Amino acid sequence: MKKILLTGVGANMGGTETFVQTLVKELHHNANFVVLAASKTEVAEADFFKKYNVRVVYLKNIFGFKSILKRPRIIESFLLKEKFDIVHINATSLNAAYIAKKADKLGVKVIYQVHNYSPSGYGVVAKSLTTLLAKNNRSILKKIPDIKLVAVSEEVQEKLFGKKIKSEVILNGVDSDVYAFNESRRRIIREKFLISEKEVVGIMVARMTPIKNYDRAVKIATLSIERGVLDRFYMVGDGPERERIQKLIDELPSRIKENMYVMGERNDIPDLLTMSDVMLLTSSNEGLSLSVIEGQAAGLGIVASDGVPPVTNITGKVIYISLRVEDKVWTDAIEKMSINNFTDRIKSNEYVLNSQFSKKIFIRKFIELYNL
């Protein structure tokens, strides 16, 4: 079997982590996967990789701009030792071009896939340097003759690769069966969380990083609860902003904070979507947004920022709103999109199943890309 390195898996679950897990789950019988952690600490859901006998490698001194001079040598030594057939780089910028360069030097096939065009966890200085170095990194990638450049959406393709470099768009696939709505299951989950049948539940599933704009989500949810549009609001995800967001909620009036929940990282997201009625996403920008696809697979109405690409509107039940407009506009949209028609929820899942976001199409693309 081909030995394939997958990069980009961090300490908190997000779109890239879900993407990598899908590849591993579907193709572990066809390839020998190794994961290079994009984290100094344990990767998200490390037990998942143990289950599929996928080794996770943690390399020191390759993170941050202080390691710029050290990391090419460290990566080259690692690649030389491991002898991969394919290095599949997953990134949110072009900063990993040095890995592609070293892999190509050793005769390893390179796939460079970009999942967003604005790194979510970088500070101001790091983001500025990322922008400054983009032209040079693009030049490095352009010089690799057989590299496969992949973007998760046309927006990402245009902003990161431009029109002069050959690249392709491969939309992320969702296992729609996992999110299929079931009325009986919904009742069981709601009973577990002590939610009555009449309560309207909102949910946001996103990593807790600045790019996800949780501050705005809390404001919108606050107004929605005040107006009786939502009865409860659940925030699912973890990350560096979690503690600050929790403190922000703790300062709200009792009636609001008692109905606003920071859930952290969860492995029962399909159940949480089933118990909910509407999804909110306030990201400043998204390369694609798997959450929006998964929400539609669960049959939810979705209110998202216009930073989410419009190609994600599979069911016609997504409303995109500018972050510049007032919270009332968002709350009005949430009220409009709260879905209680269970027949429609089942149909929504079918739309996703038969769309370009189908898991079958997605996996077929990577079988071709890996030449398995």
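Okay, asparagine 371: buried or exposed? At 57% relative accessibility, asparagine 371 counts as exposed, because the cut-off for that word is over 50%. Keep in mind that this is a predicted model. As for where it is, asparagine 371 comes in the segment after helix 16, and that helix covers 359-370. What makes me stop here is the backbone: phi is positive, about 55°, although the residue is not a glycine. Most residues other than glycine have a negative phi.

There's another one to look at, glutamate 45. Its phi is near 50°, again a positive value in a residue other than glycine. You'll find glutamate 45 in the loop between strand 2 (31-37) and helix 2 (46-51). And how open is it? Glutamate 45 has a relative accessible area of 27%, so it goes down as partly exposed, which is the class between 20% and 50%.

How many aromatic pairs does the structure hold? The count is 10.

Start with phenylalanine 193 and tyrosine 234. Those rings are edge-to-face, with 6.1 Å centre to centre and 75° between the planes. This pair links distant parts of the chain, 41 residues apart: phenylalanine 193 is in the loop between helix 8 (183-192) and strand 8 (201-205), while tyrosine 234 is in strand 9, residues 232-236. Both phenylalanine 193 and tyrosine 234 are buried.

Now go from tyrosine 234 to tyrosine 261. Here the rings are stacked: 4.5 Å centre to centre, and 10° between the planes. Again, distant parts of the chain are linked, with tyrosine 234 in strand 9 and tyrosine 261 in strand 10 (residues 260-264), 27 residues apart.

So why does tyrosine 234 count as buried? Because its relative accessibility is 2%, and buried means under 20%. Tyrosine 261 has a relative accessible area of 24%, so it is called partly exposed.

If you want a whole group of rings, look at Phe19, Phe33, Phe362, Phe366 and Tyr370, which form one aromatic cluster.

Which ring does the charged end of lysine 3 sit over? That would be phenylalanine 84, and the charged end is 5.1 Å from the ring centre.

That's what I had, thanks.

How values were computed
Residues numbered from 1 in each chain as written. Predicted model: local features only at pLDDT ≥ 70, side-chain atom pairs only at ≥ 80, totals over all residues. Heavy atoms only, no water. Phe/Tyr/Trp six-rings, centres within 6.5 Å; stacked < 30°, edge-to-face > 60°. Helix = DSSP H or I, 4+ residues; strand = E, 2+ residues; numbered from the N terminus. Buried < 20%, exposed > 50% of the residue type's maximum accessible area, 1.4 Å probe, protein only. Lys NZ or Arg CZ within 6 Å of the ring centre and 35° of its normal.
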